[in-house]
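This briefing is intended for a reader who works with computed structures. Please consult the sequence and the coordinates alongside the notes below.

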Amino acid sequence: MNDKNDQVTSDQVQENEQEVIDVNESVDQSEENETEQPQEEAVENDEIAKLQQEKDETYNRLVRLQAEFDNYKRRTLKEREADRKYKSQDLITELLPAMDNFERALQVEVTEENKSIIDGIMMVYRQLQEALTSQGVEPIKTEGEAFDPNLHHAVMQIEDESVESNVVVEELQKGYQLKDRVIRPAMVKVNK
C-alpha cells in the first residue's frame with residue numbers, strides 16, 4: 001500500500017507541477033497580452049485620429065466646393081440676366097448712326113418740292129424711334145441739365161454769365177442709354 005501511496009503522491013506531484021507550469025504560462029501570456037494591449041490601443045487611437053483628420057479635411061473640401069458652386073451659379077445667373085437685359089445693345093449701336101442721319105435729313109428746309117420726301121423720312125424716323133423705345137432705349141437729356149461725365153461727353157466749353165456754371169448749353173450729338181447702361185454719351189457744349 002505504501003507503494004501505491006508513493007505512486008499516488010508522485011502522480012499528484014506531477015499533476016501539481018503541471019498545473020503550476022500551466023498557471024505560470026498563463027500568467028506569462030496574460031502579462032504579454034497586457035503589454036501588447038496598450039500598444040494595440042495606441043495604434044488604434046492613432047488610426048482613429050488619422051481617419052478623423054481625413055474626414056474633417058474631406059468635409060472642409062466639400063463645403064468649399066459647395067460654396068464655389070453656389071457662387072458659380074449666382075454669377076452665371078447674373079450674366080444671363082445681363083445678357084437678356086442688354087441683348088439688343090449691338091443692334092442699337094449699329095442703328096444710332098442711321099438715327100443721326102435721319103435727324104440731319106429732317107433739318108433740311110421744307111419746300112413744296114421736298115415736302116413728300118421729308119414726310120417719308122419723318123415716318124421712317126418715328127418707326128425707328130418707336131422700335132428703339134420698345135427695347136428700352138432713351139435719349140440722354142442734355143440742354144439745361146447739370147454736366148454729368150457718366151452721361152455727357154464735353155467737347156467744347158463756353159463762358160456765359162447768364163447760365164450757371166457746369167451746365168450743358170448745347171447738344172452737338174444725341175446720346176442714348178439702354179435701360180440703365182449708357183450706349184453712347186451725348187456730345188455737348190458746357191458752360192465753365
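The notes below cover the overall fold, the strand hairpin, the salt bridges, the surface patches and the backbone angles.

The model is predicted. Its protein chain contains three helices and six strands, arranged along the sequence in the pattern α-α-α-β-β-β-β-β-β. Of the 192 residues in the protein chain, 18% are buried. Six salt bridges are present in the structure, and three of them are described individually below.

**Strand hairpin**

- Strand S4, residues 176–178, pairs with strand S5, residues 181–184, in the antiparallel sense, and three bridges join them.
- Within this pairing, Tyr176 has Arg184 in S5 as its bridge partner.
- The two strands form a hairpin with two residues between them.
- Lys179 lies in the loop between S4 and S5 and has a positive phi of about 55 degrees, although it is not a glycine.

- Side chains of opposite charge can pair when their charged atoms come close.
- Asp100 and Arg184 form a salt bridge through their side chains, with an N to O distance of 2.8 Å.
- This pair links distant parts of the chain, since Asp100 belongs to helix H2 (residues 89–106) and Arg184 to strand S5, 84 residues apart.
- Both partners are buried: Asp100 has a relative accessible area of 7%, and Arg184 has one of 15%.

**Salt bridge at Lys192**

- The side chains of Lys192 and Glu159 meet in a salt bridge with an N to O distance of 3.7 Å.
- Lys192 lies in the segment after strand S6 (186–191) and Glu159 in the loop between strand S2 (152–158) and S3, so the pair ties together parts that are 33 residues apart in sequence.
- Glu159 counts as exposed, because its relative accessibility is 66%.

**Surface patches**

- A patch of negative charge on the surface is made by Glu40, Glu41, Glu44, Asp46 and Glu47.
- Glu44, one of these residues, is found in helix H1, which spans residues 2–85.
- With a relative accessibility of 47%, Glu44 counts as partly exposed.
- Tyr59, Leu62 and Val63 make a nonpolar surface patch of about 320 Å².
- Leu62 is also found in helix H1, and its relative accessibility of 53% places it in the exposed class.

- Asn166 is found in the loop between S2 and S3.
- The phi of Asn166 is near 65 degrees, which is a positive value in a residue other than glycine.
- Asn166 counts as partly exposed, at 40% relative accessibility.

Technical notes:
Residues are numbered from 1 along each chain as its sequence is written. This is a predicted model: local features need pLDDT of at least 70, side-chain atom pairs count only at pLDDT 80 or more; totals for chains, interfaces and linings use all residues. Side-chain values use heavy atoms; hydrogens and water are left out. Patches are made of residues with over 30% relative accessible area and no salt bridge: like charges are joined within 9 Å, nonpolar side chains (Val, Leu, Ile, Met, Phe, Trp, Tyr) within 5 Å. Accessible areas come from the Shrake-Rupley method with a 1.4 Å probe; for residues, only the protein chains shown count as cover. A salt bridge is a side-chain nitrogen of Lys or Arg within 4 Å of a carboxyl oxygen of Asp or Glu. Lys and Arg count as positive and Asp and Glu as negative; His and the chain ends are not counted. The place of a charge is taken as NZ of Lys, CZ of Arg, CG of Asp or CD of Glu. Helices (H or I, at least four residues) and strands (E, at least two) are DSSP runs, numbered from the N terminus. Buried means under 20% relative accessible area, exposed over 50%, partly exposed in between (1.4 Å probe, protein chains only). Two strands pair if DSSP finds at least two bridges between them.
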